[in-house]
Amino acid sequence: MTDNDLMQRSPHLIRRHRNGKIGRAIFFLSTTIGLVALIVLILSIINQSMGLVIVRYTVEPATLSDKPLEDLESTELSAILTQRLKPSRLRTIERDTPLATLSRTQLYNLVMEEIVVPKVQKSFHLDESLFQRAKIEQIASEEYPGAHITFRSWINWNFIVGSLSKSPEIAGIRTALMGSLWIILITIVVAFPIGVGAAIYLEEYASSSSRINRIIQTNIDNLAGVPSIVYGILGLAIFVRSLGDLTQGRTVISAGLTMALLILPILIINAQEAIRAVPNSLRQASYGLGATQWQTIWHHVLPYALPGILTGTILSISRAFGETAPLILVGASSFINKDPSSLFSRFTVLPIQIYNWTSRPQDTFRNIAAAAIIILILTLLTLNAVAILLRNRFSKRV
Amino acid sequence: MTETPFPNNAYAIELRNVDIFYGNFRAVKDINLQIEPRKITAIIGPSGCGKSTVIRCFNRMNDLVPSAHLNGEILFHGKNIYDPDVDPVQVRRLIGMVFQKPNPFPKSIYENIAWGARVNGYRGNMDDLVEQSLRQAALWDEVKDTLKKSALALSGGQQQRLCIARTLAVRPEIILMDEPCSALDPIATLKIEDLMRELSTQYTIIIVTHNMQQAARASDFTAFFTMDTDRAGIMVEYGPTSQIFTRPKDKRTEDYITGRFG
Amino acid sequence: MEQEMFRPTQQTQAISPFDVHASSALIANLRKRPRWGERFIQGFLFFCGAVSILTTLGIVFELGKESLLFFQTPEVNLIEFLTGTKWQPTIGEFGVLPLVNATLMTTLVAMLVALPLGLAAAIYLSEYASPKARGFLKPILEILAGIPTVVYGYFALTFMTPLLRTILGSETVQIYNTFSAGLVMGIMILPLVCSMSEDALNAVPRALREAAYGMGATKLETALQVVVPAALSGIIAAFILAISRAVGETMIVALAAGSGPNFTFNPFKAAETMTGYIARISGGDVGYDTPDYNSIFAIGLLLFTITLALNILSRKLSARFREVYE
Ligand SMILES: Nc1ncnc2c1ncn2[C@@H]1O[C@H](COP(=O)(O)OP(=O)(O)OP(=O)(O)O)[C@@H](O)[C@H]1O
Ligand SMILES: [Mg+2]
């Protein structure tokens, strides 16, 4: 042992420290891969949701008026419509919404959709659009003479409020959003009371020594890990087929019930956790005043656990919102353009639309799929933000 | 290794004007303490006065608490172990530690002892080292047939002796013990005290204890700590154990050891 | 509810304390009363809990019943189903191995990505990261975990595959291939492995780490040789659950792995997985009670059995792990 031992590290120790540094770097890089993946994923989706397009018009806007269409007044626009549209078509439109009642923007859209009818010949990603404009112009002039190059964001207001269509230029997702909304509502109405009820039973009534209760608990935990497509098969067999007379087959109600079964285990587990967090002293205080078990639960346990239960519910709902596979089985149809109007309507939802558009080979369908993905992710982020806010308020109160 | 006399310094380790902070809170202040080599030094004092804080700074265990930092010097072989060029890993190899609750690794008895030596680059015969360490810790006879069994199957007292054996296998100079007997029954406690006596012929031992009799029985020197008015720990008195327990110089020490304190 | 609660009090007030009958009335009040309301509620709550049992029974019953129909089809027999390497319903070949093989390949690739990265990330988060770094990295992993799988499918098909084709050449890599699907699936499952492993690592008592440091171990030695082995059963539970998740994953493979059973070990070729097959067949228009329709139940049953076995195993392991440290 020399005095310098503390400072002069042996080669062995130096090697150990070097290994330590390497290990740390590896662990750190592995962690950041998640971050990198997330960024790449989001960028690649944004990249495909907007960019330059080569369009060809059925009727050149220049032949309609000598001023650019965007600068025209309402009167001029309706004049174009009355002149150019087939009388039968004009009548149909007038029957729904008289031209006189439409705003300038609505009239402009109508002119674009009904008369100009832009057809996207080819679309480019955002990165190509920004950095390879010359190449795009060359392609346009060589392969699509007479076509125009314009910038197009595939996410736009018309996309959100428009109904489904076979041509990606005018397709919108309103029908799919409405479908999601209907299904989520059914899911909540069915799964919330049953889920919370089951959680109360397991946490407050069930004695863990009883065999049946243990089976229920284990069963719920296992159900939470069953692949969602299996729930789809179940939904197909039970709600679509066996109960087909009641549900009328591939309808909103079948889908909602399937989703309810799917999220039930997660919802129960979340709710159980929230109920378990209620301090026992609260229950004892209530019993001490002569309250019955249900009075204790209803007046003390549930109010205390509610924010936690709601947080868990929102998280399960957001899971249901993004689910695709079970709804393929239950029979979402991607070719409808009527909004669901009752429990027995046929339906489509946002993820199904994304699936369907993505599996088409044309670029323009990929573009609207990307746009739909952005809407989907924004919705989910909003839901999660609400859940986090709830959770934070909850944890502050305690 | 411990055969070499200390050339620069007569003490095994020495604290000079040490203050230790957790964030802004000063947990102990202005400690000056010289530890005699190959003796047992006990640190006693009321709960929260900073005994653990101090003993954990002897081998830089406090580095693991992000908010902790230290002013002053801790001299080991004439070198301040808190100097930036000092490697805490090397410090901890030379100054081992036994904790309040026995904390064997969830591995076999054999592996518990071999592991520390192995990571520290021990090249000799491992079986011999294991046997020797277990013998030193007076545990060999009890476990020699079950070396491959899990260490978690041992009793608390055996586990604690295993932890001591494990520390010995790394061949430290100083062994720190923070209330090593607080989780043990009186018989196991006595065994550990005997063991400490045995080890003090070769090792410097510093022990934190709440047990007055233990300090009186088992230590050569005693340092008494208490809390100052600002809740910072201070060292009140330090000297040979016989003197501290029979003729304390300070009123506060007397009150504490006669049980009139808190 | 409230009325019932106060009724006894009102009664006792009405009775004079000197009345002989009164005290017997008081005592009668102490008797157990059947609280029908409470009973009813408890019954309803029990029913809620039992719904989950019904779900399981429903799954088992429906999958079993339709599978039985499938195996009663003259062209189909169980041995051939489990050992055949050709799945071509049109010519009466029903060997499930091509589908199983594709599932295994995507799962393998996904695990090669998710297990090492997930565990390494877990070690970083639990052993190295400052609270601030954790506070930043964990939500990112949570977001990654919350992205719908169809989005990952889109990512695999429109980003990962073109990327692979650029790097490895478009002759090697087909437009649909199991490798790309597996890679992206690995990214999707990474957060699950990471958070479950991190929980296991965090459950390892501080005292063990201190013991290791106290003997002069470096941080890496402590992490890899003390903490990880101590958390091993918890980590393996995470791994097994990850495998189960990969086996059951549908949308990524439906979009990116290819449609059409193909018995190949080349990960750059298209091959349809079990889940992909179910999605494709049920998405098209197949009539009820055809062998095609019934076959999705047989494959579903296989899928359910595999994932259930994996889940049970994972839960057993993590229960044992929790026992050690609680
Ligand atoms: N990690 C920490 N962070 C912040 N403050 C701490 C930390 N550890 C200890 N302290 C504070 O430092 C002071 C001394 O604590 P220490 O654990 O050293 O006392 P002790 O004398 O060992 O007490 P005991 O006899 O109960 O073990 C206490 O006020 C304690 O609250
Ligand atoms: Mg202490």
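Start with ligand 1 and S52(B): an oxygen atom of the ligand lies 2.6 Å from a side-chain N or O atom of S52(B), a polar contact being a pair of N or O atoms within 3.5 Å. This is a predicted model, in which local features need pLDDT of at least 70 and side-chain atom pairs count only at pLDDT 80 or more, while totals for chains, interfaces and linings use all residues. Residues are numbered from 1 along each chain as its sequence is written, chains are lettered from A and ligands numbered from 1 in the order in which they are written, and side-chain values use heavy atoms, with hydrogens and water left out.

Next, select T53(B), where a polar side-chain atom is 2.4 Å from an oxygen atom of ligand 1. Then pick Y22(B): an N or O atom of its side chain is 3.4 Å from a nitrogen atom of ligand 1. The protein covers 65% of the 630 Å² of accessible area that ligand 1 has on its own (Shrake-Rupley method, 1.4 Å probe).

Now show the 14 residues around ligand 1; S47(B), K51(B), S52(B), T53(B) and H210(B) come nearest (a residue is near if one of its heavy atoms lies within 4 Å). Helix 1 of chain B gives the most to this shell, with three residues.

Finally, move to helix 3 (residues 109–119) and helix 4 (residues 126–136) of chain B, which pack at an angle of about 115 degrees with their axes 10 Å apart. Helices here are DSSP runs of H or I, at least four residues long. Helix 3 of chain B and helix 4 of chain B are therefore roughly perpendicular (65 to 115 degrees).

Methods
Polar contact = N/O pair within 3.5 Å; in protein donor to acceptor, adjacent residues only side chain to side chain. Helix = DSSP H or I, 4+ residues; strand = E, 2+ residues; numbered from the N terminus. Axes fitted to C-alpha atoms, helices over the stretch in contact; angles between N-to-C directions. Parallel < 35°, antiparallel > 145°, perpendicular 65-115°, else oblique.
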